[in-house]
Number of protein chains: 2
Amino acid sequence: MNALNIIPVEGIPEVRPGDDIADLISSATADLRDGDCLVVTQKIVSKAEGRLVDIDPDDPLSHKPLVEQESVRILRRRGDLIISQTSHGFVCANAGIDLSNVEHGQAALLPIDSDRSARGIRDRLKARAGVDVAVVVSDTFGRPWRRGVTDVAIGCAGIGAIADLRGTSDALGRELQVTEVAIVDEIASAADLVMGKSANIAVAIVRGLDSAWFRRGNVVEEIVRDPSDDLFR
Amino acid sequence: MNALNIIPVEGIPEVRPGDDIADLISSATADLRDGDCLVVTQKIVSKAEGRLVDIDPDDPLSHKPLVEQESVRILRRRGDLIISQTSHGFVCANAGIDLSNVEHGQAALLPIDSDRSARGIRDRLKARAGVDVAVVVSDTFGRPWRRGVTDVAIGCAGIGAIADLRGTSDALGRELQVTEVAIVDEIASAADLVMGKSANIAVAIVRGLDSAWFRRGNVVEEIVRDPSDDLFR
């Protein structure tokens with residue numbers, strides 16, 4: 001296996017509705033190579049796609065009706081926190097809506113189709129910069145049983161969401177049992193380590209990934225579990 | 001933020017009970033530096049600590065009594081899969097017992113105290129190689145709502161399990177809402193990207209982490225959720 005480099009992309013300006021993320025990335029860095037995987041945070045994708053809604057800046061609960069609107073199913077409520085399932089199928093706090101790193105008086109919703117968002121960035125980077133890169137759109141989610149949030153993938157393009165190791169054998173020649181690795185979630189988590197929540201780093205380059213993973217991919221199709229299939233639920 | 005390098009450590013031999021992991025690592029690589037974080041897979045830690053149990057190689061269910069014995073609470077059963085909580089507090093499939101990458105006729109149990117295992121490796125690397133490194137012990141877990149497994153931390157030393165960003169402000173000066181990042185889980189996931197499940201890579205070096213994260217850390221104390229506090233549960 002090769003070493004991996006995870007490189008923060010600095011110099012991306014504050015993103016406005018209508019901005020082209022691929023333009024901003026290729027203006028910020030000339031260091032893009034075929035086979036790189038770009039991790040782009042949901043926040044700037046949502047901003048570029050105009051997924052911003054005005055809320056009452058003096059009412060700390062004014063985004064709550066948006067959470068209900070963006071949810072197809074409410075799983076839990078406590079105080080002003082809601083755990084729900086979004087139209088994409090993601091289970092997360094407050095339907096992925098948050099207020100950090102957006103202008104006061106605004107809330108950012110998730111992209112409507114985050115896999116399509118990833119494909120758009122990948123396609124425009126190919127056209128604009130001539131590079132064949134994978135793209136992962138990341139967001140910050142909590143999870144059951146374990147404290148602390150981690151970054152996961154909500155969209156991908158040019159890379160499989162899951163690497164299927166079924167049928168390959170381990171170092172001792174036994175067939176592997178645990179087989180389907182959510183590599184896009186691991187990539188999103190890895191990229192978060194160079195972003196920091198308070199630094200203005202919204203894009204990172206992950207360089208050195210296994211080229212066998214580069215294929216058509218889709219987070220919603222590959223990662224969202226059918227409830228009937230989910231023993232952990 | 002700095003770039004991160006994730007370097008697989010090759011040349012670690014098959015680990016036997018009684019082996020010293022720190023010895024094996026420092027024999028395999030001279031490239032260890034103060035401030036590195038070593039990620040070591042549970043499998044070799046369990047082997048070195050002799051957490052191996054003989055099972056009937058001809059009975060595919062012979063490890064199931066071990067799963068019950070290693071569990072303090074069974075959450076779900078389906079077919080031969082059990083989701084349970086271990087004595088450490090981890091919720092995972094089959095109490096973390098698996099049969100891949102161990103000799104036929106044996107099963108590997110989780111380390112008894114995986115934070116202590118991490119501390120032991122860290123302390124012995126300091127004594128043996130004179131380097132001040134953090135250590136994360138990783139394992140491969142499933143999770144609810146999302147397909148695919150990811151690597152998470154089951155033990156750590158010399159690094160906080162959680163980076164607490166409460167009170168810091170975002171790039172627009174707003175106080176951050178999402179605040180406690182499970183950095184050791186993100187580090188374990190990042191390292192898995194250079195390990196592969198079938199390659200014989202059981203150790204990786206993560207170089208370039210924020211030095212502010214290096215402190216006393218403990219996965220069981222910091223990451224395992226109090227059930228009463230777990231809205232996702």
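In strand S9 of chain A, Gly155(A) is the bridge partner of Val137(A). The two strands behind this pair, S8(A) and S9(A) (residues 150-157), run antiparallel and share 7 bridges; strands count as paired if DSSP finds at least two bridges between them. The strand and helix labels themselves are DSSP runs, numbered from the N terminus, with at least four residues of H or I for a helix and at least two of E for a strand. All of this is read from a predicted model, in which local features need pLDDT of at least 70, side-chain atom pairs count only at pLDDT 80 or more, and totals for chains, interfaces and linings use all residues. Residues are numbered from 1 along each chain as its sequence is written, while chains are lettered from A and ligands numbered from 1 in the order in which they are written.

On confidence, chain A has a mean pLDDT of 90, with 90% of its residues at 70 or more; pLDDT is the predictor's confidence in each residue, from 0 to 100. For the complex, the predictor gives an ipTM of 0.94 and a pTM of 0.94. Where pLDDT is low, the predicted coordinates should not be read in detail.

Back to S8(A), which is mostly covered, with 8 of its 8 residues buried. Buried here means that 20 or more other C-beta atoms lie within 10 Å of a residue's own, exposed means 12 or fewer, and partly exposed is in between, with C-beta atoms placed from the backbone. Ala134(A), Val136(A), Ser138(A) and Thr140(A) point one way from the strand, Val135(A), Val137(A), Asp139(A) and Phe141(A) point the other way, and all are buried. Strand S2 (residues 37-41) of chain A also joins S8(A), running parallel to it over 5 bridges.

In S12(A), Val203(A) is the bridge partner of Val40(A).

Helix H5 (residues 183-192) of chain A has 10 of its 10 residues buried, so the helix is largely enclosed by the rest of the structure. The buried residues of H5(A) include Asp185(A), Glu186(A) and Asp192(A), along with Ile183(A), Val184(A) and Ile187(A).

Stepping back to the whole chain, the secondary structure of chain A comes to 6 helices and 12 strands. Of the 233 residues of chain A, 52% count as buried. Among contacts in chain A with a separation of 6 or more, 64% come from residues 24 or more positions apart; a contact means that two C-beta atoms, placed from the backbone, lie within 7 Å. The C-alpha trace spans about 60 × 45 × 25 Å along its principal axes.

Chain A is divided into domain 1 (5-50 + 111-224) and domain 2 (52-109), with bounds that come from an automatic or database domain assignment. Taken over C-alpha atoms, the centres of domain 1 and domain 2 of chain A are 23 Å apart. Their contact takes 12 residues from domain 1 of chain A and 10 residues from domain 2 of chain A. On the domain 1 side, helix H2 (42-48) and strand S8 (134-141) of chain A are the elements that give two or more residues. H2(A) gives the most to that side, with 3 residues.

A few single residues deserve a mention. Arg216(A) is in the loop between strand S12 (203-207) and helix H6 (219-223) of chain A, and is exposed, with 11 other C-beta atoms within 10 Å. The C-alpha atoms of Arg216(A) and Arg119(A) are separated by 9.6 Å, although these residues are 97 apart along the chain. In chain B, Asn94(B) is not a glycine but has a positive phi of about 55°. Asn94(B) is found in the loop between strand S6 (91-93) and strand S7 (106-108) of chain B, and counts as buried with 21 C-beta neighbours inside 10 Å.
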